[in-house]
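User: I would like to go through this model with you and ask, term by term, what lies behind the words used for it.

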Amino acid sequence: MSQEASFAGVAWDEVVPVEVTTLDALVEAHGEPAFAKIDVEGLEHQVLAGLSRRCAPVVRGAARGADRGVACVDRLEALGRYPLRVAGETHRPSDPLDADGIRRWIDALGPGDRSGDVYAALATAP
């Protein structure tokens with residue numbers, strides 16, 4: 001994130017150890033969530049890598065970096081069919097899009113537009 005203009009004033013001079021787990025482990029321990037917001041400053045694709053099954057609505061925050069955003073869409077698509085919506089700075093969700101539509105939206109973002117949320121909900125059929 002140190003390469004992002006919006007974080008230019010942040011001093012990345014401290015290491016803070018944090019305990020991590022996987023989404024699979026959280027679902028196992030607590031059951032399937034009705035809503036999960038994943039917003040980990042550009043590492044959302046790594047969080048989704050810890051999910052091996054379709055799960056109730058997942059929200060992927062901050063579409064920063066086209067490659068990372070596309071990696072998230074690819075992972076969700078690999079898990080099953082999700083109707084997807086995007087919301088940029090307006091926070092108004094789009095009409096439903098398929099995975100290719102989300103990829104096109106990510107590709108069309110300009111250098112200053114690298115933020116937004118991708119909302120994924122379970123479809124009625126896998």
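User: Why is Arg 103 called buried?

Analyst: Buried means under 20% relative accessible area, exposed means over 50%, and partly exposed lies in between, with a 1.4 Å probe and protein chains only. Arg 103 has 15% relative accessibility, so Arg 103 counts as buried. The model is a predicted one, in which local features need pLDDT of at least 70 and side-chain atom pairs count only at pLDDT 80 or more, while totals for chains, interfaces and linings use all residues. Residues are numbered from 1 along each chain as its sequence is written, and side-chain values use heavy atoms, with hydrogens and water left out.

User: Where is Arg 103 placed, and what makes its link with Asp 100 a polar contact?

Analyst: Arg 103 sits in helix H4 (residues 99–108); helices are DSSP runs of H or I with at least four residues, strands are runs of E with at least two, and both are numbered from the N terminus. A polar contact is a pair of N or O atoms within 3.5 Å; within protein, one must be able to donate a hydrogen and the other to accept it, and residues adjacent in sequence count only if both atoms are side-chain atoms. The side chains of Arg 103 and Asp 100 are joined at 2.7 Å. Arg 103 also touches Val 70, Val 73, Asp 74 and Glu 77, leaving aside residues up to four places away in sequence, where contact means heavy atoms within 4.5 Å.

User: What makes a set of residues a nonpolar core, and which residues have the most contacts inside the largest one?

Analyst: A nonpolar core is a set of buried Ala, Val, Leu, Ile, Met, Phe, Trp, Tyr and Cys residues joined through side-chain atoms within 4.5 Å. The largest has 19 residues, and those with the most contacts inside it are Leu 48, Leu 51, Val 73, Leu 76, Tyr 82, Leu 84 and Ile 102. Two or more residues each come from H1, helix H3 (66–79), strand E3 (84–87), H4 and strand E4 (117–120), and H3 gives the most, with 5 residues. Leu 76 touches Leu 48, Tyr 82, Leu 84 and Ala 120, not counting residues up to four places away in sequence.

User: Why are the buried residues of H1 said to line one face?

Analyst: In helix H1 (residues 23–30) the buried residues are Leu 23, Asp 24 and Val 27. Seen down the axis of H1, they fall within an arc of 105 degrees, so they line one face of the helix; the arc is that of the directions from the helix axis to the C-beta atoms. Glu 28, Ala 29 and His 30 are exposed on the other side of H1, whereas its buried residues pack against strand E1 (36–38) and helix H2 (44–48).

User: Is Gly 31 buried, exposed or partly exposed?

Analyst: Gly 31 has a relative accessible area of 34%, so Gly 31 is partly exposed. Gly 31 lies in the loop between H1 and E1 and takes a positive phi of about 90 degrees.
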